[in-house]
Amino acid sequence: MPKSADSDSLADRDEPSWTLLDREGLVDAYLDVIAPAMRADGLDPETEQPTYAWLNEHGFRRFIYALQEYHDTTVTEFCERDLGLGSDGFDWEIDHGDTTSALERYLDRQRQRKSWSDATVDAHRSRLARYVRTYAEINDSADLLSPVARESDVPAHEAVDACWATFDALDAEVARETLRRIYITVSDWYTTLVSRREAALNPTDGLDYNWSGDDAGTTSNPPLDSEHVAALFAAARDTRERLLVVALCGWGLRSGEVAALHADQLVLDDDAPRIEFRSRKNGPGSVALIYGRDVAEARIAEFADDAEWNGHLFPSPRSSSGHRTGGTIRNWFADLADRAALPETIDGHRPVPQMARRFWYDRYSSTVEELVEHQIQEVAEEQGSASAAVVWDDYLSEDRRRELRREFMRDKLAGAFENPTA
């Protein structure tokens, strides 16, 4: 934006010795000098903050320098705390002002001290926003500062658990390289809070060892085994908890997908019962109900006489969405895991719903291998074929392959839910 002649003359004529002013003096000088220059340039100093680019272009570099070096603050922080102006308008989509202010201060300092470009700031803001929104969803709190504060009443292990659970959720939603970038940015933010004595710990410490590495296929959580699934299902006390276990372990759904399940999505009166999704990340739009159809029917029947039921299988009368959140599903899973006496850690990891999803994928991925090795091999030998894989690929229709996969998978799931040693 080119500076106007009026704003140029104001900056040249009236700019004070910024480094000699205290905070009250800075406010007075800002209102006397910078505010008129903003008005002359078509800006509203009563509602808008000047950008770093605007301040530099209009000769107010010493103002930025004084804030940084003499008052250890940023333009955004000064405008918010001393002038009562809002932030730059970015919607963090969380309801906790102290947290969003801390995030903006961090970005401002990086812009100043590391000369980050607007594009770089935007990239890091996007990563931080993805983290804090997921944190707020799964932990039912948008306050990221209190758990790590120096005088916090929250035990350190709980603060770490909340952070790690957030990354577990992100690991199921984003690509591994994206996850790595989010981790680096979030870890640096927490490190900055610690170095400025605004936090007592960085909860991301050690987290990278759980999901990063040279093997791009490495996942953060191991799968549950059949004994764990059977214990969870046996510990379930009602249709809500039984459906929770079936949806996670028997259908392989994500926590958010479970939370938002609606009766209209379930096609039960069909030869191929299934769940239909309008859109689904990294997965098919339809998920076969290979096991647990009776559990879904029982859950729907429970609401049959409720005239106010909104159709969600996990309804919430207080939520604007009408259903529970992914965070609630994770909390319910944690409570059920405790009641089922699951180990505190499985291969070094606390039991989380993603392990149930991994159980489903682990069982399904081995289905074709076992089918070919044990079932189709007999057909190949009878037909004189040298390869069971050839019979599977070339002599069975897709419908027949699908039928066999589902039959075999149904037996596996029934074995896990009902007879884990089978």
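This is a short exchange on how terms are applied to a predicted model.

Modeller: Local features need pLDDT of at least 70 and side-chain atom pairs 80 or more, while totals for chains, interfaces and linings use all residues. Residues are numbered from 1 along each chain as its sequence is written, and side-chain values use heavy atoms, without hydrogens and water.

Colleague: Why is Y131 called buried?

Modeller: Its relative accessible area is 0%. Buried means under 20%, exposed over 50%, partly exposed in between, with a 1.4 Å probe and protein chains only. So Y131 counts as buried. Y190, at 1%, is buried too.

Colleague: What makes the pair of Y131 and Y190 edge-to-face?

Modeller: Rings of Phe, Tyr and Trp (its six-membered ring) pair if their centres lie within 6.5 Å; planes under 30 degrees apart are stacked, over 60 edge-to-face, the rest tilted. Here the centres are 6.2 Å apart and the planes at 90 degrees, so the pair is edge-to-face.

Colleague: And why is the pair of Y131 and F167 called tilted?

Modeller: The centres are 5.3 Å apart, with 35 degrees between the planes. Y131 lies in helix α7 and F167 in helix α8, so the pair ties together parts 36 residues apart in sequence.

Colleague: How do you know that the charged end of R240 sits over the ring of W332?

Modeller: The charge (NZ of Lys or CZ of Arg) must be within 6 Å of the ring centre and within 35 degrees of the ring normal. For R240 and W332 the distance is 4.0 Å, and the charged end sits over the ring.

Notes. Helices (H or I, at least four residues) and strands (E, at least two) are DSSP runs, numbered from the N terminus.
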